[in-house]
Amino acid sequence: MKLPTFLVVGIEKAGTTSIYQYLNQHPQVYMSPVKETNFLERDWENFQGKPNPKRIDTWEKYCNLFNNVQEEIAIGEVSPNYLFHYKSSSERIIKYVPDVKMIAILRNPVDRAYSDYLMHLRDSINVEKVRSLTEQVEFRADTSFTLKKGLYYTPVKYYFDTFGKERVKIYLYNDLSEDSSTMMQDMYQFIGVDSNFIPDTSKRQQVAVVPKNQSINNLIKTKNPLRSAVSSVLKVVMPLEMRQKLRSGLINLNSGGKELKPLTSEERQLLTDFYREDIFKLQDLIQRDLSSWLAV
């Protein structure tokens with residue numbers, strides 16, 4: 001049975017989609033065909049939610065992801081919520097893949113929170129409940145996943161204490177932005193493959209996009225009576241590929257850059273103050289200079 005030899009455990013909005021692609025380029029690396037399996041995140045055996053055939057929620061489904069491993073030296077998967085759900089994930093890592101190495105990419109938590117906020121707007125994720133970052137800091141700091149995912153110190157320390165620092169490699173998003181090839185070669189060495197391989201890092205995944213009109217975006221991306229009615233008509237007169245191109249075209253027409261929803265200096269200051277103590281503790285823990293994260 002072939003199982004992962006390494007996991008990219010975090011964190012969301014820190015380049016993990018690009019990392020997945022760069023790892024997948026290496027001829028000695030096999031990556032799970034499903035990015036974000038999330039299998040090691042929770043106790044699926046006792047999960048009470050709605051069944052979903054696409055979900056990797058059984059040991060058999062998880063193992064099947066690696067059936068096509070051939071001669072690859074390193075086998076991996078990327079599930080960036082493993083770091084956030086550090087206690088439940090650690091328990092399942094010990095149970096199912098106890099010898100894996102782990103990788104985490106950490107991003108300035110202020111920028112990560114901002115990117116996460118934009119993602120919720122872009123994908124119309126519970127958009128009626130999305131609050132501004134200021135509101136989240138002032139009134140929802142204890143419950144906002146957008147904010148809590150940027151508190152890295154406790155999860156990283158837990159992984160270090162549970163698995164040992166030699167098995168948990170920490171990178172910074174700055175490393176990816178400034179010299180992605182060097183960072184990836186170091187990562188290749190960590191997972192035990194040829195570190196001389198140079199990946200093509202010219203293309204970045206998940207570029208930030210902001211809807212020009214949120215109401216139009218909601219109509220296109222969420223289930224609603226109008227979308228269902230239009231879809232029913234189009235199915236009769238238009239093939240699937242053309243319908244998908246039409247939808248993508250409408251989304252692109254209604255999309256712009258981050259300048260449509262900029263992070264204000266007041267918001268940046270508020271978020272920096274919120275994360276300040278955690279950043280100082282993390283800096284000492286991982287022995288990396290994080291002073292740039294505190295700049296406003």
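Predicted model: local features only at pLDDT ≥ 70, side-chain atom pairs only at ≥ 80, totals over all residues.

Q: What makes both faces of strand 3 count as covered?
A: On one side A74, G76 and V78 are buried, and on the other I75 and E77 are buried as well. Buried means under 20% relative accessible area, exposed over 50%, and partly exposed in between, with a 1.4 Å probe and protein chains only. Helices (H or I, at least four residues) and strands (E, at least two) are DSSP runs, numbered from the N terminus.

Q: Why are strand 1 and strand 3 said to pair?
A: Two strands pair if DSSP finds at least two bridges between them. In strand 3, E77 is the bridge partner of L7.

Q: What links strand 2 to strand 3?
A: Strand 2 (residues 29-31) also pairs with strand 3 in the parallel sense, over three bridges. Here M31 stands opposite G76. The chain passes from strand 2 through helix 2 to strand 3, a β-α-β crossover that is right-handed; that is, with the strands pointing away from the viewer, the path from the first strand over the helix to the second runs clockwise.

Q: Which residues touch the most other members of the largest nonpolar core?
A: They are L7, L23, L106, V156 and Y159, in a core of 75 residues. A nonpolar core is a set of buried Ala, Val, Leu, Ile, Met, Phe, Trp, Tyr and Cys residues joined through side-chain atoms within 4.5 Å. Contact means heavy atoms within 4.5 Å; leaving aside neighbours within four places in sequence, L7 is in contact with residues including L40, Y62, E77, Y82 and I93. In soluble globular proteins, nonpolar side chains tend to be buried together.

Q: What covers the buried residues of helix 3?
A: The cover includes strand 1 (6-10), helix 2 (59-64), strand 4 (101-106) and helix 7 (153-163). The buried residues of helix 3 (residues 86-96) are Y86, S89, S90, R92, I93 and Y96.

Q: Why is the link between R112 and D116 called a salt bridge?
A: A salt bridge is a side-chain nitrogen of Lys or Arg within 4 Å of a carboxyl oxygen of Asp or Glu. The N to O distance between R112 and D116 is 3.4 Å, so the pair qualifies. Both R112 and D116 are buried. Being four residues apart in helix 4 (residues 109-122), they are separated by about one helical turn. An α-helix has 3.6 residues a turn, so residues three or four places apart point the same way.

Q: How many salt bridges does this rule give?
A: The count comes to eleven. Among them, K157 and D161 meet at 2.8 Å, N to O; both lie in helix 7, four residues apart. K157 is partly exposed at 31% relative accessibility, whereas D161 is exposed at 56%.

Q: What does the salt bridge between K169 and D186 tie together?
A: The side chains meet at 3.5 Å, N to O. K169 lies in strand 5 (residues 168-172) and D186 in helix 9 (residues 180-191), so the pair ties together parts that are 17 residues apart in sequence. K169, at 28%, is partly exposed, and D186, at 29%, is also partly exposed.

Q: Why does E277 count as exposed?
A: The relative accessibility of E277 is 59%, so the residue is over the limit for exposed. E277 is found in helix 13 (residues 265-286).

Notes. Residues numbered from 1 in each chain as written. Heavy atoms only, no water.
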